[in-house]
Amino acid sequence: MSDPRPTNRPVLAADAAGDAVGAWEAMPRRRLAFLGRWHNPIGIVGAAVIGFNVLLALFGALVWSVDPDAQDAERLLPPSWGNPMGTDELGRDVLARIIHGAQVSLQVGAIAVGIALVAGTLIGLFAGFHRGVVDAVLMRVVDLMFAFPGLVLAIVIAGLLGPSRRNAMIAIGIVITPAFARVVRGAVLEVMGFPYIESTRALGASSRRVMTRHLLPNIAAPLIVLVTVYLSTAILAEAALSFLGLGTQPPEASWGGMLNTARSYIDAAWWLSIFPGAAIMFVCLGFNFLGDGLRDILDPRLGPTVGDIPVKK
Amino acid sequence: MIPTVVGISIIIFLMVRLMPGDIIDILFGADIQVSEEEKQQARIALGIEGSYPEQYWNWASGVVTGDFGQSFRNAEPVLDVLLRAVPITFELMILSLLIAVLIGVPLGVISAVRRDSSSDYAARVGGLVGISIPNFWLATLLLLFTSRVFGWVPPLGYVSFFDDPLTNLTQFVLPAISISVFTLAIVMRMVRATMLEVLSQDYVRTARAKGVQRRLVIYRHALRNALIPVVTVVGFEIGILMGGAAIVEIIFGLPGVGYVLLNSIFNRDYPLVQGATLMIAVIFVLANLLVDIVYGWLDPRISQH
């Protein structure tokens with residue numbers, strides 16, 4: 001309970017969170033310099049995919065200026081030059097709706113992860129800094145949150161708050177907060193052990209100053225990895241909630257919602273099922289590639305091989 | 001274990017209570033003919049009368065004796081509804097875990113042993129695709145594929161395994177594949193990572209140096225130790241499988257726990273929401289406990305502590 005990794009097994013929380021902690025522990029202390037030695041194809045592909053998606057969300061509607069809600073085309077048209085991804089059951093252009101969906105998913109991802117980042121950092125910082133009872137109580141609650149399967153908890157919270165995009169964002173934010181709290185606390189505990197914190201205290205720095213000027217900057221690196229990982233989780237969760245009717249509500253376009261309606265036209269219009277799902281996968285793939293690339297760079301444990309046996313560097 | 005379950009039940013209880021909207025107003029809707037007294041009686045009947053500690057005590061003491069309350073909708077005992085649903089979710093999860101482990105472990109070993117070969121790259125990219133593909137899309141794709149290519153759709157209406165094993169399995173194969181792919185990819189990636197780490201240990205080199213066959217070193221010496229962290233990951237995956245199961249149960253019309261939970265949420269059937277969420281969380285906690293036991297059993301270093 002005192003350490004995020006009580007035994008020598010990896011953190012249960014999430015494969016992703018565990019990896020992030022591992023990456024943090026193995027990370028050279030002058031981090032972020034890794035951006036300079038970025039000769040890692042998987043990571044670059046991931047960054048490019050995410051960049052493309054951000055551009056699509058920001059400027060896609062300017063390039064393909066079709067109203068995603070206009071019902072002026074014929075219904076269920078297969079893909080053609082006029083409608084590259086076909087039209088849906090109400091005659092709306094699927095490409096325009098995919099672009100709108102990109103905005104929705106990016107917004108939900110950013111806000112949900114933002115909620116978790118702020119709340120998780122505060123919880124982790126206070127628990128790790130004050131220790132004692134505050135720590136015990138906060139971490140007990142965090143442990144309890146991990147006792148629920150994440151998506152199920154998101155479904156229940158979003159469902160009870162009432163189906164809407166705002167509530168889906170809140171639900172996803174709440175569900176991923178514990179992961180951030182745990183990682184921040186672990187990192188804070190590690191940094192607190194360094195002598196320079198003690199000397200700062202001895203020089204008379206207030207708790208607030210130690211937290212904001214000395215702790216926060218030094219735990220930024222694992223947070224960056226965690227944000228990449230959980231952005232993809234949040235986007236996937238938004239799609240799942242919208243698919244179930246608990247997220248973005250029709251007629252507004254969202255990838256999950258589009259897939260949900262597509263189920264009724266599975267025999268008549270395959271393009272309705274293909275494109276929104278491909279869009280979700282494309283974005284998640286981007287984040288996972290980036291995360292993998294970051295981890296490869298940050299984790300020096302895996303060295304070259306000699307013959308058929310890999311050896312340590 | 002027990003404190004965890006108590007904590008979980010308190011969280012679920014509070015979650016359901018703190019959400020906006022009064023169930024009584026929803027139940028009676030805009031019917032202004034209903035008097036305050038009738039509403040009060042309905043509250044008592046539904047067990048949502050009195051202070052929160054009282055309500056919690058009534059609910060929790062019932063749960064301990066197997067009384068989860070009654071569904072708002074049709075007054076059926078919640079426990080009966082759940083007991084009907086649990087085997088379906090169980091079967092789905094066991095099938096998908098089997099698929100994930102039986103395919104994921106060998107793929108991970110191959111990928112690690114042939115590190116940086118083309119098959120390693122194929123497996124790694126495949127693994128990344130596997131963790132990125134949304135299970136509900138995969139389910140849709142599988143349905144699209146089987147109906148277009150084979151003109152086949154899974155038989156509708158759930159059939160128990162004990163009544164008709166063949167029909168039952170044909171119903172479960174597509175949903176099980178849809179939710180297993182993510183876990184399969186995670187297991188594969190994990191096995192690859194731990195195998196790489198174990199293969200770089202001194203004892204592996206020693207075994208190789210003293211002339212033990214390559215195959216034996218890989219499967220007898222390395223894989224055994226490499227599998228230990230994988231067990232933990234599988235334990236965590238159970239939670240993801242349960243979330244996935246909830247979605248594919250809806251898609252394929254299998255009335256499992258997730259299906260019950262979603263319907264009860266849309267119906268604002270609070271006793272059922274509470275019961276189903278508690279059931280899912282408890283199964284998850286038990287699964288993790290089981291994993292811990294298996295873990296200590298696989299790795300004697302743990303149980304010595």
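Which residues does B:Leu278 touch, not counting residues up to four places away in sequence? The residues are B:Ile8, B:Ser9 and B:Ile12, where contact requires C-beta atoms, placed from the backbone, to lie within 7 Å.

The model is predicted: local features need pLDDT of at least 70 and side-chain atom pairs count only at pLDDT 80 or more, while totals for chains, interfaces and linings use all residues. Residues are numbered from 1 along each chain as its sequence is written, and chains are lettered from A and ligands numbered from 1 in the order in which they are written.

**B:Leu278 and chain B**

B:Leu278 sits in helix α12 of chain B, residues 270-298. Helices (H or I, at least four residues) and strands (E, at least two) are DSSP runs, numbered from the N terminus. B:Leu278 counts as buried because 22 other C-beta atoms lie within 10 Å. The cut-offs are 20 or more other C-beta atoms within 10 Å of a residue's own for buried, 12 or fewer for exposed, and partly exposed in between, with C-beta atoms placed from the backbone. Between B:Leu278 and B:Val63 there are 215 residues in sequence, and 9.8 Å in space from C-alpha to C-alpha.

Chain B contains 13 helices and 0 strands. Of the 305 residues in chain B, 41% are buried. The C-alpha trace of chain B spans about 85 × 55 × 35 Å along its principal axes. Among contacts in chain B with a separation of 6 or more, 71% join residues 24 or more positions apart.

**The side of chain A that touches chain B**

In all, 48 residues of chain A contact 53 residues of chain B. Elements α5 (150-161), α9 (220-243), α10 (255-262), α11 (270-298) and β2 (309-310) of chain A each supply at least two residues of this side. The most come from α11(A), with 10 residues. The table divides this side of chain A by class.

| Class | Members of the class | Count on this side of chain A |
|---|---|---|
| Nonpolar | Ala, Val, Leu, Ile, Met, Phe, Trp, Tyr, Cys, Pro | 32 residues |
| Polar | the others, Gly among them | 8 residues |

**Confidence in chain A**

The average pLDDT, the predictor's confidence in each residue from 0 to 100, is 81 for chain A, and 81% of the residues score at least 70. Residues 1-21 of chain A have pLDDT below 50, and this stretch has 45 contacts in the model beyond near neighbours in sequence. Over residues 24-36 of chain A the pLDDT is also below 50, with 13 such contacts.

Terms used. Contact = placed C-beta atoms within 7 Å.
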